[in-house]
Amino acid sequence: MAKKQKTNAVRILEQQKIEFELIEYELSGDKVDGVTVANKIGYPVFVVFKTLLVTAGTGKYYVCIVPVSNELNLKAIAKVVGEKKVELLPLKDLLPTTGYIRGGCSPIGMKKLFPTVVDISAENNNFIIVSGGKIGLQVKLAVADLLKMTKGQIAAICKSESDE
C-alpha cells in the first residue's frame with residue numbers, strides 16, 4: 001500500500017485534529033474542472049466546492065469557496081469584503097500567492113491565511129468537499145470545521161439567475 005502523499009492541507013487538518021476524509025481520484029485527460037471531479041468521486045455538485053482567488057490590487061487577496069457548478073459573482077464578493085471592485089487572480093499568480101496550482105488549490109494551508117468567504121449554499125450541507133491541495137485529492141469535512149480552519153465567513157457570493 002502506497003503511503004498517502006501529505007499536502008499542507010492534510011498536515012494542517014491532522015495537526016488541528018479536525019475530522020476529515022480524504023477522497024482520491026484518478027485523473028484522466030486534462031479536465032480538472034469541479035463538475036468532472038464531482039462526477040469522478042461520486043458526489044453531487046452541490047457538496048463539492050471549488051476554491052477561487054480574487055484580488056483587489058497588490059496584496060489584497062480573498063479566497064472564495066463556491067459550488068463547482070456555480071459561478072462566482074464578483075460584485076457580490078467585492079461587497080462582502082468591502083472592496084469597490086475585485087477580479088479573479090490571474091492564473092500565473094496562483095502558485096506564487098497560494099503555494100497551490102490550478103485544480104489543486106485548497107482553501108486550507110495556503111502560504112498565508114487570506115480572508116475567506118464560503119457561499120451561503122454550504123449551510124444546506126452536513127459536509128463540504130474541497131481540494132486537498134493537489135490534483136487528484138479532495139477533502140471531505142464539516143462546513144463548521146472549514147470555516148474554523150480558514151477563519152471564514154458565509155455569504156451569498158454566487159451568480160443567481162437574476163444576475164444574468
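**Conventions.** The model is predicted: local features need pLDDT of at least 70, side-chain atom pairs count only at pLDDT 80 or more, and totals for chains, interfaces and linings use all residues. Residues are numbered from 1 along each chain as its sequence is written, and side-chain values use heavy atoms, with hydrogens and water left out. Helices (H or I, at least four residues) and strands (E, at least two) are DSSP runs, numbered from the N terminus. Buried means under 20% relative accessible area, exposed over 50%, partly exposed in between (1.4 Å probe, protein chains only).

**Strand S5.** I checked both faces of S5 (residues 116-119). Thr116 and Val118 are buried on one side, Val117 and Asp119 on the other. I then looked for pairing (at least two DSSP bridges between two strands). S5 pairs in the parallel sense with strand S3 (residues 61-67) over three bridges. Ile65 stands opposite Val118 there. S5 also pairs in the parallel sense with strand S8 (residues 153-155), again over three bridges. Asp119 has Ala155 as its bridge partner in S8.

**Helix H2.** In H2 (residues 34-41) I found Gly34, Thr36, Val37, Ala38 and Ile41 buried. They pack against strand S1 (20-24), S6 and strand S7 (137-141), where contact means heavy atoms within 4.5 Å. Asp33 caps the N-terminal end, with a side-chain oxygen 3.3 Å from the backbone nitrogen of Val35.

**Ser131.** Is Ser131 buried or exposed? Ser131 counts as buried because its relative accessibility is 6%. Ser131 lies in strand S6 (residues 128-134). A polar atom of its side chain lies 3.1 Å from the backbone nitrogen of Gly133. Leaving aside neighbours within four places in sequence, Ser131 is in contact with residues including Gly103, Cys105, Pro107, Leu137 and Val139.

Key: A polar contact is a pair of N or O atoms within 3.5 Å; within protein, one must be able to donate a hydrogen and the other to accept it, and residues adjacent in sequence count only if both atoms are side-chain atoms.
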